Amino acid sequence: MTNTERADILESLATHRGFLLFTVQGLTDEQARQRTTVSELTLGGLIKHVAHTEKGWTDFIEHGTSAMEATEDSWAAQADSFTLREDETLAGVLAGYAEIAKHTDALVESLPSLDVAHPLPEAPWFPAGATRSARRVFVHIVGETAQHAGHADILREAIDGQKTMG
């Protein structure tokens, strides 16, 4: 647990958030809702999903296993996280994501140890009896953000040709 390690995590988060956010620059709400592939993915939905997922994992760090228990409500929220609904705006989703990112960054800086860990809830996608440390959760958030930034880059290019890279 070094300051360098925390700085590396924060820099990685900032980099991949920047790539993701670049993909929605200058878009209208209608463009943010536009499907450009055969999937249901949209740029607004991806931003909303990444924010929802990041919050879920930071809740896990702060509150333990119960924060990730699968319930009917949590499944509905997960499904909704992929959709920029008509009653939502891209600006509103971006503002919410900025608050979540600010909280995550503060957590990276303030945790007494990145080794704090909790058992994962029972789920088919988690190994039985597995735990996750805060460090591993932050690495997962970086990976999730980077993966969806790549998806978002493809979606944006299909809208108007803009590319995040190159």
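Q: If buried means under 20% relative accessible area and exposed means over 50%, is F126 buried or exposed in this predicted model?
A: The model is predicted, and its values are computed from the atoms of that prediction. F126 has a relative accessible area of 15%, and the limit for burial is under 20%. Because 15% falls under that limit, F126 counts as buried.

Q: How does W125 count, as buried or exposed?
A: The relative accessibility of W125 is 52%, and the cut-off for exposure is over 50%. Because its value passes that cut-off, W125 counts as exposed.

Q: What kind of aromatic pair do the rings of W57 and F60 make?
A: By the rule for ring pairs, the count comes to 3 aromatic pairs. In the pair of W57 and F60, the ring centres are 5.6 Å apart and the planes stand at 85°, while planes over 60 degrees apart count as edge-to-face. The angle is therefore over the cut-off, and the pair of W57 and F60 is edge-to-face.

Q: Which helix holds both W57 and F60?
A: These two residues are 3 residues apart, about one turn of the helix. W57 is buried at a relative accessible area of 9%, and F60 is buried at 0%. The element in which both W57 and F60 lie is helix 3.

Q: Which residues form one aromatic cluster?
A: The rings of W125 and F126 have centres 6.2 Å apart and planes at 65°, so this pair is edge-to-face. W125 and F126 belong to one cluster together with two residues of helix 3. The members of this aromatic cluster are W57, F60, W125 and F126.

Q: Which helix gives the most to the lining of the largest pocket?
A: The largest pocket has a volume of about 570 Å³. Of the 21 residues that line it, the closest to its centre are H52, M68, S74, Q78 and W125, and the elements giving two or more residues to the lining are helix 3 (43-63), helix 4 (72-80) and helix 6 (134-160). The lining divides into 10 nonpolar, 7 polar and 4 charged residues. With 6 residues, the element that gives the most to the lining is helix 3.

Q: Which residues touch H148, not counting residues up to four places away in sequence?
A: H148 has its place in helix 6. Its relative accessibility is 8%, and H148 therefore counts as buried. Leaving out residues up to four places away in sequence, the residues that H148 touches are L20, L46, H49 and V50.

Q: How many Å apart in space are K55 and L114, C-alpha to C-alpha?
A: K55 is found in helix 3, where its 40% relative accessibility makes it count as partly exposed. K55 and L114 are 59 residues apart in sequence. In space, their C-alpha to C-alpha distance is 17 Å.

Definitions and conventions. Residues are numbered from 1 along each chain as its sequence is written. This is a predicted model: local features need pLDDT of at least 70, side-chain atom pairs count only at pLDDT 80 or more; totals for chains, interfaces and linings use all residues. Side-chain values use heavy atoms; hydrogens and water are left out. On a 1 Å grid over the protein atoms alone, a cavity is a set of points where a 1.4 Å probe fits but cannot get out, and a pocket is an open set with protein on both sides within 12 Å along at least five of seven lines; lining residues have an atom within 4 Å of a point. Grid points are joined across faces, edges and corners, and a volume is the space filled by probe spheres set on the points. Helices (H or I, at least four residues) and strands (E, at least two) are DSSP runs, numbered from the N terminus. Ala, Val, Leu, Ile, Met, Phe, Trp, Tyr, Cys and Pro count as nonpolar, Asp, Glu, Lys and Arg as charged, and the others, Gly among them, as polar. Buried means under 20% relative accessible area, exposed over 50%, partly exposed in between (1.4 Å probe, protein chains only). Contact means heavy atoms within 4.5 Å. Rings of Phe, Tyr and Trp (its six-membered ring) pair if their centres lie within 6.5 Å; planes under 30 degrees apart count as stacked, over 60 as edge-to-face and the rest as tilted.
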